[in-house]
Amino acid sequence: MTAIAAAGIGLGVRLLAAPWMPPGYPFLTFFPVIVIVTLLLGWKQGSLCAVLCGLLAWYFFIIPLNSLAFDPGVAMALTFFIFVVATQIVLIHWLQRFVASAAREREANRKLAENRELLFSELQHRVSNNLQVVAALLSLQKRDVTDERARAALDEAANRLALIGKIGRQLHDPNGTQLGVKPFLESLCGDLLEASGRTDITCRCDVADDMILAPDSAIPIALIIAESIANALEHGFTSDRGGEIDISYGRSTRGKVMLEIRDNGRGLPQGFSLEKSQSLGLRIAQTLSRQLGGEFMLVQEDRTTARLMLPA
């Protein structure tokens with residue numbers, strides 16, 4: 001019915017326009033009608049509409065008028081009409097098939113992306129949980145250890161594993177998106193101070209909002225910061241001495257990326273040498289910095305400063 005109504009509309013418009021149109025344009029108002037019907041209803045309805053429009057144009061507007069007489073002139077006009085209409089319908093049909101195929105492919109890709117994100121999140125969740133479990137097991141194992149140095153070593157190992165597990169929950173994006181440095185460092189500092197139980201120490205982060213951090217380097221950098229802050233809390237701030245820890249991350253004048261952790265604690269002991277230090281945490285920081293292709297140093301300036309220089 002729609003195709004019949006559309007053909008009727010094409011005929012009505014052509015009859016209304018007849019007084020202002022020169023002879024020789026019998027199909028002019030029928031072409032748009034056929035295109036619209038094909039776009040909206042598909043090639044079958046479009047073909048039906050084309051047949052009806054062709055018959056109406058033949059009867060009313062091709063000489064001899066009001067007749068379905070057939071002669072070479074009529075044959076040429078109808079051939080032109082059939083060619084144009086067939087081309088329109090075929091092109092529209094192919095276009096619709098392509099659009100439908102693209103839509104199905106997009107939907108399939110969307111579902112695959114959702115599944116990948118769910119699987120990735122589940123994997124990250126399980127890895128983080130496993131690290132937390134290992135950290136808890138180390139803490140339980142400490143109960144059977146009497147040597148204080150061994151107990152302290154187990155505590156440090158458990159804390160590092162727990163930190164890695166906690167970082168892992170917020171670290172990686174399934175699409176490989178890089179992290180904003182400022183929110184990452186602020187969250188890390190808050191976690192470290194909360195874990196230490198020190199409410200008399202403040203931690204500030206000076207990082208440009210547009211600085212980003214590659215996921216592959218986030219855990220090593222986080223561990224270096226954790227070791228530096230742990231060192232400051234243990235040696236720089238006694239239980240009755242509060243203070244400040246400032247973290248900055250940005251490009252240095254030498255074109256490298258520089259991370260600094262500064263504290264206003266008691267300072268380094270006289271004659272301190274990082275190379276001769278027996279601190280496991282500082283050795284870990286040095287090892288991780290070399291893995292990143294950088295250099296770690298601990299120096300006494302106006303404040304005690306742990307500095308990490310990384311390639312740009």
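This report walks through the fold, surface and charged pairs of a predicted protein model.

## Basis of the model

Local features need pLDDT of at least 70 and side-chain atom pairs count only at pLDDT 80 or more, while totals for chains, interfaces and linings use all residues. Residues are numbered from 1 along each chain as its sequence is written, and side-chain values use heavy atoms, with hydrogens and water left out.

## Overall fold

The protein chain has eight helices and seven strands. These are DSSP runs, numbered from the N terminus: helices are H or I with at least four residues, strands are E with at least two. The chain has 312 residues, and 36% of them count as buried. Buried means under 20% relative accessible area, exposed means over 50%, and partly exposed lies in between (1.4 Å probe, protein chains only).

Contacts are heavy atoms within 4.5 Å. Among those with a separation of 6 or more, 63% are between residues 24 or more positions apart.

## Surface

The accessible surface of the protein chain is about 18600 Å². Carbon and sulfur atoms hold 61% of that area. Areas come from the Shrake-Rupley method with a 1.4 Å probe; for residues, only the protein chains shown count as cover.

I36, L39, L40 and L41 form a nonpolar surface patch. Together they have about 400 Å² of accessible area. Patch residues have over 30% relative accessible area and no salt bridge; like charges are joined within 9 Å, nonpolar side chains (Val, Leu, Ile, Met, Phe, Trp, Tyr) within 5 Å. I36 lies in helix 2, residues 30-41. Its relative accessibility is 48%, so I36 counts as partly exposed.

E234 sits in helix 7, residues 215-236. At 57% relative accessibility, E234 is exposed. Its C-alpha atom is 9.9 Å from that of S196, 38 residues away along the chain.

## Cysteines

The whole structure has zero disulfides. A disulfide is a pair of cysteine sulfur atoms within 2.5 Å. For C53, the closest cysteine sulfur is in C49, at 3.8 Å, which is too far for a bond. C53 is buried, at 0% relative accessibility. C189 is buried too, at 4%.

## Salt bridges

Side chains of opposite charge can pair when their charged atoms come close. The structure holds eight salt bridges. Each is a side-chain nitrogen of Lys or Arg within 4 Å of a carboxyl oxygen of Asp or Glu. One joins R110 and E107, with the closest N and O atoms 2.3 Å apart. Both residues lie in helix 4 (residues 72-141), three residues apart, about one turn of the helix. R110 is partly exposed at 38%, and E107 is partly exposed at 32%.

R307 meets E260 in another salt bridge, at 2.5 Å from N to O. R307 is in strand 7 (residues 304-310) and E260 is in strand 5 (residues 257-263), so the pair ties together parts 47 residues apart in sequence. R307 is buried at 12%, and E260 is buried at 9%. R307 also forms a salt bridge with E301, at 2.9 Å. E301 is partly exposed, at 41%. Elsewhere, a network of salt bridges links R204, E244, D246 and R303.

## Around S248

S248 lies in strand 4, residues 243-251. It is buried, with a relative accessible area of 13%. Leaving aside neighbours within four places in sequence, S248 contacts D206, M258, L259, E260 and R262.
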